[in-house]
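Take a look at the strands and the aromatic rings in this structure.

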Amino acid sequence: MTMITYRFAFVCSLICLSACSSQSPDYASLGLVDISGTVKVDGEPVPGAVVSFKDVSNGNESYGLTNSSGYYRLWFNSEKYGIMPGEKQIQFSTTRKILGLNSEEEGGGNEESEEGTVVENSDVEKFRDAYRKDSKIIVTVDEDSSTFDFDLASDGSTSQPL
């Protein structure tokens, strides 16, 4: 065999391996829990906010984007709603950009909610540091969980969901 034939065979092998490894994950085996809720500050809905549930043991995150009513639903990844059970730190931001959720790279900074209302993210952060990376809000997600509503205080004093 010539060198070109070897290279051709090698390239074909790589293509075949990459096609085989791009299978969808087995979501059923992950035990994902569908989580939704609302985000308010001083009783008012916060549109265009990224809600992040960060696993305290391994740092994995699921995200949602609030609509004009403050409603969010968590995405496990860009294909599937849900979150794995466990203890989660909750973070909020109106300026955080997440690829595929609210970033320009994935078709614009807007998301259409389940109610059909398009929400734009703000360039001004509406949450205090106490609700962002330094958040002390911790929840436990289990198979019986479905809704987590948050009515945060503008002074940063809220420490748990409703």
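Ser52 has Tyr63 as its bridge partner in E4. This is a predicted model, where local features need pLDDT of at least 70, side-chain atom pairs count only at pLDDT 80 or more, and totals for chains, interfaces and linings use all residues. Numbering starts from 1 along each chain as its sequence is written, and side-chain values use heavy atoms, leaving out hydrogens and water.

Strands (E, at least two residues) are DSSP runs, numbered from the N terminus. Two of them pair if DSSP finds at least two bridges between them. E3 and strand E4 (residues 61-65) run antiparallel, joined by 5 bridges. Their hairpin has 5 residues between the strands, and Gly59 takes a positive phi near 80°. E3 also pairs with strand E6 (residues 86-93), again antiparallel, over 6 bridges. There, Asp55 stands opposite Lys88.

E3 is largely enclosed by the rest of the structure, because 5 of its 6 residues are buried. Buried means under 20% relative accessible area (1.4 Å probe, protein chains only).

Now the rings. Rings of Phe, Tyr and Trp (its six-membered ring) pair if their centres lie within 6.5 Å; planes over 60 degrees apart count as edge-to-face. The count comes to 8 aromatic pairs. One is Phe53 with Phe150, edge-to-face, at 6.3 Å centre to centre and 75° between the planes. This pair links distant parts of the chain: Phe53 is in E3 (residues 50-55), Phe150 in strand E10 (residues 150-152), 97 residues apart. Both residues, Phe53 and Phe150, are buried.

Note on methods:
Rings of Phe, Tyr and Trp (its six-membered ring) pair if their centres lie within 6.5 Å; planes under 30 degrees apart count as stacked, over 60 as edge-to-face and the rest as tilted. Helices (H or I, at least four residues) and strands (E, at least two) are DSSP runs, numbered from the N terminus. Buried means under 20% relative accessible area, exposed over 50%, partly exposed in between (1.4 Å probe, protein chains only).
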